[in-house]
Amino acid sequence: MRWRIRGCRMSELEQLPTGKGPLPVASPASGEGASSEGGAALRQTFWAVVGRAYWRGAFNRVSLLWIVGMVVLSVVVPFIANEAPYTVVINGTREFPLFRNLSRLDWLWLLWGAAGLVYGVHFVRTGRQAVALEQLRARRSRWFWILLLIAGVGSGAILGLKRDYLDKRDYHGLAQQGELKQAVFAPLRWGYADYEPLELDRVYEYPSRQHLLGTDGNGRDALARLLWGTRVVLEIGLVSQVIALVLGVVFGAVVGYFMGKVDMLGMRFVEMVEAVPTLFLLITIIAIFGRQLLIIMVVIGVTSWTGIARFVRAEFFRIRQMDYVAAAKAMGLPLRNILFKHMLPNGLTPVIVSFTFGVAGAVASESILSFLGIGVPPPTPSWGAMLDEAGNPGQTFRWWLAIAPGLMIFLTVFAYNIMGEGMRDAIDPTLNRIE
């Protein structure tokens, strides 16, 4: 039987990320049409094998589902925990308060969540089609850039045109007075900043049917704040590590490619940045500029890129000796194309693992800051601030307020660490074999 590798150029075979990774599986030569089994064989690429190897671990699957669940919760949390009803009739007029009260940040989450969902569906559907590898990549790339452009333009429109609406109505009080007709409320009728009337003195309540996790010192529902706090955790973790990823990749690529004096000076600068204590720098910056979520993200990002830079530098030391890099230089390609189009895609495998560990570290850092009272500004919910609200075990300790946020911090950090370790094992060519 005659065999040939379809949908893969020789240049791609030379650009495998690890240099030892599995080659695309050969399939029997056939006509223009390909069977579903042949289409699956065509996509035995490095990352396809890595994905299957990762999914084989039970803990890997649970950690991935936990993180995906957090992302979904962050997108839809306004529709789960909110004081404003979906729809209601007030004074004979049909209104939609919950949708009207959505902030710019809520709309941004919805926009990017919808874009991610559409691309995920397209990714899975195209993966089931019996097409050549080049055609598959072209389809996915085209959809990726189209959705990225739509989401980017939509984000600019939201930030430029949308104005947040300040709703001063007390829907709990209106419901008690019978002024709400045909009201449809969210499953949890409390927002993260809504509190019981102060005259009722319903603070630090034990869990009950009305407040499943109790109330804090301001009479706010602890469960609602726990759910809304998921968004803060993801924002700080992902945004800060995206900043670190960009800085680390660019810096590591430059010093790893040029070597010599550039590498020596660059690594001395990396050591200077690593010598800066992140926690004390955060405390100093917050003392000067105030408690702002964006500042926390930026400071964590600009102080945590050094590990990524070291990984990229080491990979570029190896890759720059390969034949396809020499061929690109001989063809006279621009330096930016050689660095970021040919070399960088093949040096990102350890960076992805480092990224997941970095997100876990950012979540822990934000929780520590909020626990110390210098994290995100109130009334923005934070799991660390909720732990601080539980009190001091040596004095007054409210266990019902400490269990849930403490468990969420532990499980989230644990999930990211398990994901990083699972990706590291799946990428290792000595452990990842095609059966």
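This is a predicted model: local features need pLDDT of at least 70, side-chain atom pairs count only at pLDDT 80 or more; totals for chains, interfaces and linings use all residues.
Trainee: What about Asn91, is its phi positive or negative?
Mentor: Asn91 has a positive phi of about 55 degrees, although it is not a glycine, and it lies in the loop between β3 (87-90) and β4 (93-95). With a relative accessible area of 76%, Asn91 is exposed, given that exposed means over 50%, buried under 20% and partly exposed in between, using a 1.4 Å probe and protein chains only.

Trainee: Then where is Tyr204?
Mentor: Tyr204 is in the loop between β5 (181-184) and α9, and this non-glycine residue has a positive phi of about 50 degrees. Its relative accessibility is 28%, so Tyr204 counts as partly exposed.

Trainee: Zooming out, how many helices and strands are in the protein chain?
Mentor: The protein chain has 18 helices and five strands, and buried residues make up 44% of its 435 residues. Among contacts (heavy atoms within 4.5 Å) with a separation of 6 or more, 72% are between residues 24 or more positions apart.

Trainee: Which residues does His122 contact, leaving aside its neighbours within four places in sequence?
Mentor: With those neighbours set aside, His122 is in contact with Arg139, Arg140 and Trp143. His122 belongs to helix α6 (residues 104-127), and its relative accessible area is 12%, so it is buried.

Trainee: Val118 next: buried, partly exposed or exposed?
Mentor: Val118, which is also placed in helix α6, has a relative accessible area of 37% and is therefore partly exposed. Not counting residues up to four places away in sequence, Val118 touches Trp143 and Leu147.

Trainee: Changing topic, how many salt bridges does a search of the whole structure find?
Mentor: The search finds twelve salt bridges, each being a side-chain nitrogen of Lys or Arg within 4 Å of a carboxyl oxygen of Asp or Glu. One of them joins Arg202 and Glu196, whose closest N and O atoms are 3.3 Å apart; Arg202 is buried at a relative accessible area of 19%, and Glu196 is buried at 6%.

Trainee: What is the N to O distance between Asp216 and Arg225?
Mentor: The side chains of Asp216 and Arg225 meet in a salt bridge at 3.8 Å, N to O. Asp216 is buried at 6% relative accessibility, and Arg225 is buried with a relative accessible area of 6%. Elsewhere, salt bridges that share partners join Glu95, Arg100, Asp167 and Arg169 into one network. Within it, the closest N and O atoms of Arg100 and Glu95 are 3.7 Å apart, with Arg100 partly exposed at 28% and Glu95 buried at 16%.

Trainee: Which side chain of opposite charge is nearest to Arg320?
Mentor: The nearest is Asp263, 9.7 Å away, and Arg320 is buried yet has no salt bridge; Lys and Arg count as positive here and Asp and Glu as negative, with His and the chain ends not counted. Arg320 is placed in the loop between α13 (306-319) and α14 (323-330).

Trainee: And what does Arg320 touch, not counting residues up to four places away in sequence?
Mentor: On that basis, Arg320 touches Gly256, Tyr257, Met259, Val325, Lys329 and Met343.

Conventions: Residues are numbered from 1 along each chain as its sequence is written. Side-chain values use heavy atoms; hydrogens and water are left out. Helices (H or I, at least four residues) and strands (E, at least two) are DSSP runs, numbered from the N terminus.
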